[in-house]
Amino acid sequence: MVASAFTLLLLFLTGIARCVVEAEVHCYDFVIAEKNFTRLCKTKSMLVVNGQFPGPTIYVHKGDTVFVNVHNHGDYGVTIHWHGVKQPRNPWSDGTPYITQCPIKPGMNFTYEVVFSDEEGTLWWHANSDWTRNTVHGALVIYPPQGFTYPYPAPDGEEILILGTWFTYDVNNVIKEILKTGKDVPISDAYTINGQPGDFCACSKEMTYRWQVDYGKTYLIRLVNALMDEEFFFAIAGHNLTVVGMDGSYLKPFTTSYVMIATGQTMDILLKTNQSPDRYYMAGRQYFTDNLVFTGYDKTNVSAILEYRGKNNQLLSPFFPQTLPSYTDYDSATQFRKYLKSLATKEHPIDVPRDITTKMYITASMDKIVHNFSVDMDYTLVSSLNNISWINPSTDVLQAYYRNLSGFYTTDFPDEPPYYFDFVADLRDNSTHPLKGTKVKILKFGEEVEIVFQSTNLLNASDEHSIYLHGHKFYVLAEGYGNFNSTTDPETYNLVDPPYLSTASLPVKGWLAIRFKANNPGVWAMHCQEGRHLIWGMNTVMIVKNGSNLETSIRSPPVKMPLCGSSSVLRMFQLNQENNKSN
């Protein structure tokens, strides 16, 4: 049936071309193109989806499938990743450049099939090519299945709040130069809430994001940390927040006066509008854990306004949240994470792996490769996991693995670091001389895996890391300060109701213990979500082998996957596929 002109116009104005093919299958068109935006008194052109910043929200129910046709009208290759979506048996649509696909070239398009499984709550999507996700991102809202409801009283309304990073220039051009020189990344000029910096930034007050609410209601806030590098504190003046979910999983509800959300995480929060009808700032600031000797940071306080409908004095400034922690408040960040526990009910059960077949101890380090030791020392900044700094292959790992092509990666990512020492001591002059490589870890289908991540203080530059695993979720068993003790620290593991996440914080000068079951066949990246660390190589890949039958094996690839320019061998495979399909 042909849509009416009015319907097409409405779809265009909302920025989303959407069709419902059947009850649980949806279609979207994403057009990535440059558009001018003005913030902080300056105008710049930047890549966005469907003319929007942040981009359009995708709404689904648990278990739905979404087809997203991405049209690249930009000037360089891009991919789109569906952060926190497991994509069972479908790594082809994970959208990780040079790991599950090659970028969509300018002027080309590619249709992603996004398969939702057990996710329920809030997730997000974003570009996954260098720092393009800075402007190309949006929310994923996953409602309970049809006929079911939340494990808490249904809210009276909901609001999506997306935290973003703002640069007054095209930061992607700067990152291109940094990738050549190996030097440090720039500090942002401001942060944004739903695309606006807020009242405390130049030329911004008139456009500060406002959310109007009614007194005596309960609202669901869907909070997304789409920042490039920053873990973030967030609070609302005069109001408590009840956290009920994270990363598309339910938590035991707990009430707090602030939240700390890691880079790439999402959070579901209930807000009771029970204060005097007035205006209140929703505000956030960076949680900074790096060493100020080496790097500064953006001290901007981003703000939006919660505004009660009815009588309130528009001439007075809104109240500011006095409970918002300071930039370097380690104790507040650590204390907040202690409250995170899975709901773990009959309706929302958990299954913590107990029969561990693979144990890994992975160090996460900032380091440098010195090219000469002259007075003007020439060096390249790198980051690594177990002293391996990732480099992208000439074609994606998934194609090479699926086609059984050699020469694109090796299967010797180590289970432990090459050296043991006091990882958290003052190591300002020390380097472990990291190796660059494309090393992956092979896991059998069904293996139960425990990984302990250890932050190191090489170069006296320990920092908090947001660890993200594609294709799976994991249980966060424990975290701690200092070096992990393999004898005593496992005694602190929470095996009863650990949070079930896709992204978790590795504490500065500390450790993080997780477990997961490798039950999703495919090629899956595991890395620090912070853009600064990711582009320097804090990344590896887990290849989960096929199981014993079709339902536990990787699906066949789409006919027309984007190809890398030099992949003549893979182009031959694609031509053979097309010829076989036409015969």
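This is a short exchange on a few residues and the terms applied to them.

Tutor: The model is predicted, so local features need pLDDT of at least 70, side-chain atom pairs count only at pLDDT 80 or more, and totals for chains, interfaces and linings use all residues. Residues are numbered from 1 along each chain as its sequence is written, and side-chain values use heavy atoms, with hydrogens and water left out.

Student: Why is asparagine 387 called buried?

Tutor: Buried means under 20% relative accessible area, exposed over 50%, partly exposed in between (1.4 Å probe, protein chains only). Asparagine 387 has 7% relative accessibility, so it counts as buried. Its phi is positive, about 70°, although it is not a glycine.

Student: What makes lysine 509 partly exposed?

Tutor: Its relative accessibility is 26%, so lysine 509 falls in the partly exposed class. Lysine 509 also has a positive phi, near 50°.

Student: Why is asparagine 194 called buried?

Tutor: Its relative accessible area is 14%, so asparagine 194 is buried.

Student: Which backbone atom does the side chain of asparagine 194 reach?

Tutor: That side chain reaches the backbone nitrogen of isoleucine 162 at 2.8 Å.

Student: Which residues are in contact with asparagine 194, leaving aside neighbours within four places in sequence?

Tutor: Contact means heavy atoms within 4.5 Å. Asparagine 194 has Phe53, Pro54, Ile160, Leu161, Ile162 and Tyr209 as such partners.

Student: What is the peptide bond from phenylalanine 53 to proline 54, cis or trans?

Tutor: That bond is cis, with omega near -5°.

Conventions
Polar contact = N/O pair within 3.5 Å; in protein donor to acceptor, adjacent residues only side chain to side chain.
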